[in-house]
Structures are given as C-alpha cells and as structure tokens.
Amino acid sequence: MIAPEVLYVFAVILAALVLFVTEPVPVDITAIGVLVSLLLAGPVTAALAGVGLLSAPFELVTVEQGLSGFANPATLTVLAMFVLSEGVRMTGIVQRLGAFISRLTEGSESKQLGATIGVVGPISGLINNTAAVAILLPMVIDLAERGRTSPSKLLLPLSYASMFGGTLTLIGTSTNILASDLYATLAPADVARQFGMFEFLPLGSVLLVVGSLYLLTVGRWLTPARIEPRADLTEEFRMADYLTEVVVREDSPLVGQRVETALTETEFDVDIVQLVRDNRTFLEPLGQKEIRAGDVFAVRTDRATLVELLDVEGLDLVPEVVDEAELEGAEDARNLVEVIVAPGSSLVGESLASASFRQRYDATVLAFRRGGELVRQRMDRIPLRVGDTLLVQAGEASIERIDANRNLILAREIETHDWRRSRTPVAVGIVALVVGLAAADVLPIVVSALAGALAMVVTGCLKPGEVYDAVEWDVIFLLAGVIPLGIAMQTSGAAGLIADAVVAGADVLSPLLLLGSFYVVTALLTNVISNNASVVLMIPVALQVAATLGANPLAFAMAVTFAASTAFMTPVGYQTNLFVYGPGGYRFSDYVRVGAPLQAIFAVVTTLGIPVFFGLGL
C-alpha cells in the first residue's frame, strides 16, 4: 500500500503540473503554492490524526528545508547572473556588435542566420540565455529589416541557438545551476558535489555544432516566413481597414470638449492616434487638448464603428491612406514601433485598460500580435502575456521611456540610448573574472557571481536602483518554491517509488536506453511545464534509478539537465520560445514542425554522448 506521505506528494505534483500547463496564475505563484502545501503537511496531518481521520501525522519538509529555496546557492547564483547580464547590456556592446554584423551580412539571409546563431550561442554560455535573447532580439529584428529578410526566419533560430549555448557552461541557464545544486544535495554522499563551470562544455559543444548545422540546413527549410520582410508596420499588422483620418466639422458636438472626454470615454471602440492642427502633428498626451473645428484626427477603429461615429459625432472622413509614413509625420523622428511584453513584466495578466497603458506610457496601442493572431479591435480588456507584440504610436520621449522600462522590450534599436560605453572593458572583465574564479575553484560560483554583481555597481556599470530592476523575480520565486519539492520527493519516498517502477523495465531496456528514456521524458515534460520544475521533478527519480542499477548517477543527472535545457517543440516549453512567439508571428504548429526533428536529434546525440563524456557505469 502506498504511504500517505507519498500520496500527498503525488497530489501536490499533479496539482502543480495542471497549474503549470493551464497557467490560471503565473508559474511563480504556483511554485509558492507548492511550497506552502509542503509546509502545511505537518500541521494539517497532525490535526487530522488528532480527530482520528489519519493513523499518524507526517512532515514532508521542516520549516528550514521549506524556506531553503530562498537562501539556496542556485537561487542566489541565478539572481546574481541577472545582474551581471544587465551590467553587460548597459554598455551597449551587443548593439555595436549588431551594427558590425549588419555590415558583414550585406542582406544575405544565409549570412544573417549564421551570424545570429554564431553570436547568441557563445554569448548564452557566458550570461543567462534568456537575458541573451532579450538583449539580442532587437538587434536581430533590425538585422532582418536592414536585409529585407522575414524576421520569422531568424527569431526561432535565435531562441533555439540560445538553448544550445546555455548547455556550454554552468551559468548558461538557470536549469544548469539548479541541477548542480540538486545533485550536490540529493546524490549519494560519496559522489555528491557541485558541477564544474565547464563540465558541460564537451557535450554542449557537440550539441551546439549539431544544432547549428540543423538550423542552417533542414531547420532553415522548415522555418516559415510568417511575417513578410518589413517595409511598413501598418502593412505588417494589416491596419488598412482599421486606421482612418477624420476631420471635425463646425457643427460637431465635440467642438470645445477635451479629447479625453470626447471619444476616449465613449462606448465606441476607438483610439485617437494623433492630432493634426495648423500643419502641426501632436501625439500623446492628447487628453487635455480642447477640440476645435478643422482638427484632423487619425483614429483606430473598425469600419462599422466608423460609420456610426461619423454620423453621431459630426465628423467627416478624410480620403487619405493612413500608413506608416503618415503616422511618422509628427515632429519626432520615429513614432511607430513594435514593443514586446518582457518575461517577468508586471503587465503580464493585466489588460491595456487595467494597466492604464495609454496614461502610463503616453502611447497608443494600435494592434497587438500573439503568435500568428492579430488583434486590432476590442483590445483593452484582453490580458497580456509574455511575448505579446504591441504596435505602438508614441512620441520619441515616450519611446525612450519605454526602452528604459524593464516591463517592455523595444523591437528595434534607438540611436539616443545612453549606453555606458566607457564601462565596456570593465563589465566584460567582471564577467570573465566571475567565470575564471569559479572555473579554477578559487571561489564557489555563488560567491563569485555575487561578488561580480557587487562589482558591477561599485565600478559604475550599473546604478544601485538598476540592480533590482535587472532581476526577473518570477524566476527567483519559481526556484525558491520548487526546490523544496525535490527534497520532499526524496524524504517521502515518492522518488524511490517511481524509480522502482522505472527499474522494473530494466530487464527490457538496457541502461543506455533507460538513460535515453530519461532524456525523452524530461524533454516532453519541459515542453509543457517550466524547465526548472521538470528538473526538480526528474533529478530525484534519476538519482534513485542510477543507485538501483549501480550506474553513474552523474550520467542520469546530466540526461535530465540537458533535456530540461533544450525544449524545442512548444512556445511555452522554454521562456525564450515564448519570447519570440509574438515578434515572429509563429503558430504553435511551427514549433512542432521545426522543433520535433531537432528534439529527436538531440535525444540521440545526448544519449550517446553522455557515456563518452561522463561515463555510464560507476
């Protein structure tokens, strides 16, 4: 009979999996729910035992173990790596690299693809790969625009190549750091240790080469061009039927009213994009301006609403085509931009209305794209997600504020950004020193990374307030919440029970095939839940199986770690996949079409490579 504590752990895991997949709440909130459930096991079962509903109480984790995720070396190392990545970003070195690559590629799609893969792979081994994609994404979109290439042909490879690069070093992805800590905590005492900085490098290099060759050949052929090479943003978002200019008649009831009360607070689904008055163009904020006869407004609305609006509000249609050139006619140099909702953004789960987007950013959202879906009307109440791409009309000052805001990522470079170029050698030197000290075992990685984060502030690469903005707190709370689950799986016997069931098939499967099965199961799991959550669930089981078989526990831990770091088949499988989902205009099926063959190739290469580089037997 299965023990009650094992059943409790299985129930927590099942509930967490359902919540991770359906995501009614953010994954970090689910992780905190897992933590609370584990901590409540003792008091709740004690109460049930007291009234005779349970034979004996049980405790899955102590309070110290439950809260250990917040002080865990893996959590603190990931936090420090976010700061280090931001310090490098603020020097503008990646943007200068992008300009150099643009000159080299000369509009050739093959060269652009090769350059994208060749840059993001190595960089993702030195800074967190999610941060690398966030930094490089505007550069890649600019690269596509300059070369008249579909951004869809470059963005999915950008995401995939960042995962290849993340497998090169311990610090390439939070998954590696977490797996290292779990191995040191849960592996048998005689082999338990932290992974080395470059322990992943031999197999990671093979995967980087194999994956790059795939993306440059078969993957290039399979990757669709969902978005046409950009000439006009209004065409890209198919705004022809949703952008119109209207002029205010002398007899209009709107004359004398302020803009904010005239149209924006009516029941009409309409947004005022800009105002043209006396040959001058005005953008947000327009709310306080008093409407005059002869004012020309560019508005976003659908045709049915426009007909009603013209009739009721005393407006006449201006027979002009409203395109990007028309909307760029304001005094500021460039007003129409794409903006991407960033991972960890406070806007996730909020709508444009509840976030007061227009008022907060002095910007008007004309449309947004979620994967291949375009939304151009009734947008105000739709909850935003990571990777949603907004078509925004704003003045240059507002665009600069958006660019400086951690909640959003501008899908192009702006010339006026205040990069700290003089600090470039310092920031790069700090990262190199962090890696070198940890690789030489002079300092533990957590100490080295925290010291490097402090050095970024002391040397002026980052301002003190920027440190907190640099951290993706949802990832930190996710790690802190799920780490105790690995402990509970081990102490309750749940991991051992699953391991026994797996080992029962050892008569049919060889240790090598069992190793491969762990890669496949972890990869499939990671494609539907968080990569960090899948590591926490699978490493305890992998270690138990290795112990039962008398195999090398490091080999099985590595199979899980590499699989959790390379989830190619869904947009939700890895944060970088979700990140490029909107800007690339992809469909869910595109990830299966391009990612499934790559996942199969990696399953074979990883399974065969682990015995070579790590050894399968003890």
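Q: How do β6 and strand β10 pair up?
A: In this predicted model, β6 pairs with β10 (residues 408-410) in the antiparallel sense, over three bridges. Within that pairing, V339 stands opposite L410 in β10.

Q: And which strand do five bridges join to β6?
A: That's β9, residues 389-394, and β6 and β9 run antiparallel.

Q: Is β6 mostly covered or mostly open, then?
A: Mostly covered: six of the six residues in β6 (336-341) are buried.

Q: Which way do those side chains point?
A: L336, E338 and I340 point one way, while V337, V339 and V341 point the other way, and all are buried. In a regular strand, side chains alternate between the two faces of the sheet.

Q: Switching topic: what's the strand order in the open sheet of five strands?
A: The order is β3-β2-β4-β1-β5, with antiparallel pairing. β3 (280-282) and β5 (315-318) are at the edges with a single partner strand each, so one side of each has no neighbour in the sheet. From one strand to the next, the twist averages 30 degrees.

Q: How many bridges link β1 and β5?
A: Four, with β1 (residues 243-248) and β5 antiparallel. V246 has L317 in β5 as its bridge partner.

Q: What about the surface, which residues form the nonpolar patch?
A: V36, L40, V44, L48, V51 and L53, with about 520 Å² of accessible area together.

Q: Where's L40, and why does it count as partly exposed?
A: L40 is in helix α2, residues 27-50. It counts as partly exposed because its relative accessibility is 43%, and that class lies between the 20% and 50% cut-offs.

Note on methods
Residues are numbered from 1 along each chain as its sequence is written. This is a predicted model: local features need pLDDT of at least 70, side-chain atom pairs count only at pLDDT 80 or more; totals for chains, interfaces and linings use all residues. Side-chain values use heavy atoms; hydrogens and water are left out. Patches are made of residues with over 30% relative accessible area and no salt bridge: like charges are joined within 9 Å, nonpolar side chains (Val, Leu, Ile, Met, Phe, Trp, Tyr) within 5 Å. Accessible areas come from the Shrake-Rupley method with a 1.4 Å probe; for residues, only the protein chains shown count as cover. A salt bridge is a side-chain nitrogen of Lys or Arg within 4 Å of a carboxyl oxygen of Asp or Glu. Helices (H or I, at least four residues) and strands (E, at least two) are DSSP runs, numbered from the N terminus. Buried means under 20% relative accessible area, exposed over 50%, partly exposed in between (1.4 Å probe, protein chains only). Two strands pair if DSSP finds at least two bridges between them. Axes are lines fitted to C-alpha atoms, for helices over the stretch in contact, and angles run from 0 to 180 degrees between N-to-C directions.
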